[in-house]
Amino acid sequence: MVWGAVDMAAHLTGSRVHGSGAGPRAPVRRNIRHRRTPSHVTTLFISDLHLDPESPAIARQFLAFLQGEARGADALYVLGDLFEVWLGDDDPDPSAREIVAALRQLTDSGVPCFVMHGNRDFLIGRRFCAETGARLIDDGTIIELQGERVLLMHGDVLCTDDTSYQRLRRIVRNPVVKWTLAHLSLARRRELASRMREGSRMHTGSTAPEIMDVNAHAVAEAFRDSGVATMIHGHTHRPAVHEQVVDGEQVRRIVLGDWHTQGSVLEWSSTGFQLRSLPR
């Protein structure tokens, strides 16, 4: 999903990008271990809500989810792209403030919430965490669920065939670029976000779907580097459970869906896991 802002972002910071454009490997982070819970209590995973004032139905469904099912969870993980665009923690937009308040209510109720950067909301920062009570986790974090180590990713670093997107990702995730963007005026950030979204639509419309999906070699390398047998990620908007063999070992890749037409939720408990949809 290239935003058509590569040259602009590079010019903004004086950055130069070299190489073939292949995406970086997500580093493996330290474990998060949850408390032991009864079998009926589940850990929930979602991603790619792309919350946007232009799509109020998604926000309504998410708010209902936070006030309902999520209240009974052991923990909630948001694996990137909670927002269609996040201009910065200082954005006073009422729709963004409503989501921040709802997440605060969830964490105040005793449910831990963990948020990962996606390709659309990489400017989420410390203030967002302070206001919501959520904890920001790195792409490539390993957690322990019911005694099993599970790798969590947004999923975009696995799409290495989309070289132009990987080039853009390296630019916008550069700490200097992120700092510069965060210190622009809100008006300027809105202008850049609009241009990026238009570039993303153009790229999506002109790129073969298989190019924007995960690369099999990148997936295998992620399993090797992490040493886990289960991976959960989003980004591709293709919900499914993939069973495969890597170096003679059976592994499983669970892909979360987006929330454009229905909410996609993975629930995990001692009785197993279920990838399901929330009908509108």
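Me: Which residues does Glu131 touch, not counting residues up to four places away in sequence?
Reply: Glu131 touches Arg97, Val100 and Arg104. Contact here means heavy atoms within 4.5 Å. Before going on: this is a predicted model, where local features need pLDDT of at least 70, side-chain atom pairs count only at pLDDT 80 or more, and totals for chains, interfaces and linings use all residues. Residues are numbered from 1 along each chain as its sequence is written, and side-chain values use heavy atoms, with hydrogens and water left out.

Me: What does the side chain of Glu131 do with the side chain of Arg97?
Reply: The two side chains make a polar contact at 2.8 Å. That term covers a pair of N or O atoms within 3.5 Å; within protein, one must be able to donate a hydrogen and the other to accept it, and residues adjacent in sequence count only if both atoms are side-chain atoms.

Me: Where does Glu131 lie?
Reply: In helix α4, residues 126-132. Helices (H or I, at least four residues) and strands (E, at least two) are DSSP runs, numbered from the N terminus. Glu131 is partly exposed, at 26% relative accessible area. The scale is buried under 20%, exposed over 50%, and partly exposed in between, with a 1.4 Å probe and protein chains only.

Me: Switching to rings. How many aromatic pairs does a search of the whole structure find?
Reply: Nine. Rings of Phe, Tyr and Trp (its six-membered ring) pair if their centres lie within 6.5 Å; planes under 30 degrees apart count as stacked, over 60 as edge-to-face and the rest as tilted. One of the pairs is Tyr77 with Phe114, which is stacked because the centres are 4.6 Å apart and the planes are at 15°.

Me: Which strands hold Tyr77 and Phe114?
Reply: Tyr77 is in β3 (residues 75-79) and Phe114 in β4 (residues 113-116), so the pair ties together parts that are 37 residues apart in sequence. Tyr77 is buried at 0% relative accessible area, and Phe114 is buried too, at 8%. Ring pairs also link Phe45 with Tyr77 and Phe114 into a cluster.

Me: What about Trp268 and Phe273, how far apart are the ring centres?
Reply: 5.5 Å, with the planes at 20°, so this pair is stacked. Trp268 is buried at 5% relative accessible area, while Phe273 is partly exposed at 29%.

Me: And how do β11 and β12 run, parallel or antiparallel?
Reply: Antiparallel, with seven bridges joining β11 (residues 263-269) to β12 (residues 272-278). Two strands pair if DSSP finds at least two bridges between them. They form a hairpin with two residues between them. Glu267 stands opposite Gln274, and Ser269 stands opposite Gly272.

Me: What is the strand order in the open sheet of six strands?
Reply: The order is β5-β4-β3-β2-β11-β12, with mixed pairing. β5 (135-137) and β12 are at the edges with a single partner strand each, so one side of each has no neighbour in the sheet. On average, neighbouring strands are turned by 25° against each other, direction ignored. Axes are lines fitted to C-alpha atoms, for helices over the stretch in contact, and angles run from 0 to 180 degrees between N-to-C directions.

Me: Which strands does helix α2 lie across?
Reply: Helix α2 (residues 56-67) lies across β2 (43-46), β3, β11 and β12, and runs at about 170° to β2.

Me: Last one, backbone. What is phi of His50?
Reply: About 55°, positive although His50 is not a glycine. His50 lies in the loop between β2 and α2 and is buried at 4% relative accessibility. His237 has a positive phi near 65°. His237 is in the loop between β8 (230-233) and β9 (240-246), partly exposed at 24%.
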